[in-house]
Amino acid sequence: MNKPSTKPTIREHKIPTPDSGPYIVVEGPDRNLWFCESRAAKIGCFNPHTGAFREFPLSDRDSMPVGIAAGADGNLWFTEKQANRVGRITVDGAITEFALPTAKASPDGIALGPDGNIWFSESDIDRIARVTPDGRVSEFGAGMTPGSRPLSIVMRDGALWFSQAAGCRVARMTLDGAVTEFPIPAADSQPRAMALHPDGSIWFVETGANALGRIAHDGSIAEFAVPTPNASARGVTVGADGDLWFTENFANKIGRMNENGVMIAEYDIPTPASGARCIVATSNGRLFFTQYDIGALGEIIFS
């Protein structure tokens with residue numbers, strides 16, 4: 001695919017609820033964008049073709065939804081960090097919530113597993129949990145180093161790979177709960193969001209080290225610096241062009257790096273201090289990102 005050489009424009013789509021705090025965003029089975037409104041305790045839906053929003057309130061105003069993922073059952077699944085629940089929402093907006101077995105688990109990142117179940121991190125108790133389509137929750141990861149704070153999850157080679165923000169490691173867990181941890185070379189790297197590249201490598205942001213990291217199948221890790229100091233890289237995705245696109249929260253920019261770790265460009269976000277968080281590439285090649293501090297979805301557009 002030819003890569004666009006012109007500078008993109010960034011369009012901002014304001015979410016109807018003020019101070020909504022959009023966090024993780026994914027493409028749903030209906031090809032709409034579904035996202036967590038962490039401050040408003042709602043699940044939002046944006047139609048990228050019409051620009052229309054729908055919002056669905058959760059049962060608890062202080063539930064703090066964070067992670068969301070499309071399930072194999074045609075629904076969206078999400079975590080409620082403060083309410084200590086995992087939830088399910090249909091594309092029509094019907095919500096069901098399931099309590100977790102361990103108190104104050106702080107569920108966070110969430111992803112569809114190779115077994116058809118949904119898996120999510122429990123950041124305050126150093127566990128990875130599984131929820132079946134009918135809502136049965138099991139917890140795994142007893143071999144994880146205490147105080148690791150697992151966050152983002154991606155799937156590779158039939159296993160779960162996840163970031164450990166406080167442990168400064170990337171870890172791998174089999175479906176039966178066996179954990180292997182890989183230390184990141186940079187000190188205080190604080191890995192967060194992760195993305196699987198078509199070449200089989202996993203990329204992740206290192207918020208503390210101001211870099212992007214890449215972990216190969218054998219667990220070896222390479223790191224690539226972000227040029228803007230203290231950029232606070234937070235989200236990362238793989239574009240249709242094969243490049244890594246990532247958000248820079250403090251710098252208020254969108255970064256772009258190729259699969260060899262060569263920085264291509266950084267693009268300014270129009271509204272200052274927008275709070276860029278998650279970024280997603282849709283199935284038709286469009287790029288969107290959440291703007292937590294101004295309550296909007298940003299779109300990166302090449303003419």
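I started at Ser106, which lies in the loop between strand 9 (95-99) and strand 10. Strands here are DSSP runs of E, at least two residues long, numbered from the N terminus. Before going on, I noted that this is a predicted model, where local features need pLDDT of at least 70 and side-chain atom pairs count only at pLDDT 80 or more, while totals for chains, interfaces and linings use all residues. Residues are numbered from 1 along each chain as its sequence is written, and side-chain values use heavy atoms, with hydrogens and water left out.

Ser106 has a positive phi of about 60 degrees, though it isn't a glycine. I looked that up because most residues other than glycine have a negative phi. Ser106 counts as buried, at 6% relative accessibility (buried is under 20% relative accessible area, exposed over 50%, partly exposed in between, with a 1.4 Å probe and protein chains only).

Cys168 is another non-glycine with a positive phi, near 55 degrees. I found Cys168 in the loop between strand 15 (159-164) and strand 16 (169-173), and it counts as buried at 14%.

**Strand 7**

Next I checked Trp77, in strand 7 (residues 76-80). Is Trp77 buried or exposed? It is buried, with a relative accessible area of 1%. Its side chain makes a polar contact with the side chain of Asp73 at 3.2 Å (a pair of N or O atoms within 3.5 Å; within protein, one must be able to donate a hydrogen and the other to accept it, and residues adjacent in sequence count only if both atoms are side-chain atoms).

Glu80 lies in strand 7 too, and I read 0% relative accessible area for this buried residue. Leaving out residues up to four places away in sequence, Glu80 touches residues including Leu58, Arg85, Glu97 and Pro107 (contact means heavy atoms within 4.5 Å).

**The core**

Then I went to the largest nonpolar core, which has 14 residues (a set of buried Ala, Val, Leu, Ile, Met, Phe, Trp, Tyr and Cys residues joined through side-chain atoms within 4.5 Å). Among those touching the most other members are Trp203, Leu212, Val236 and Leu244. Which strand gives the largest share of this core? I found it was strand 22, with 3 residues. I also followed Leu244, whose contacts beyond four places in sequence include His197, Trp203, Gly255 and Met257.

Technical notes:
Helices (H or I, at least four residues) and strands (E, at least two) are DSSP runs, numbered from the N terminus.
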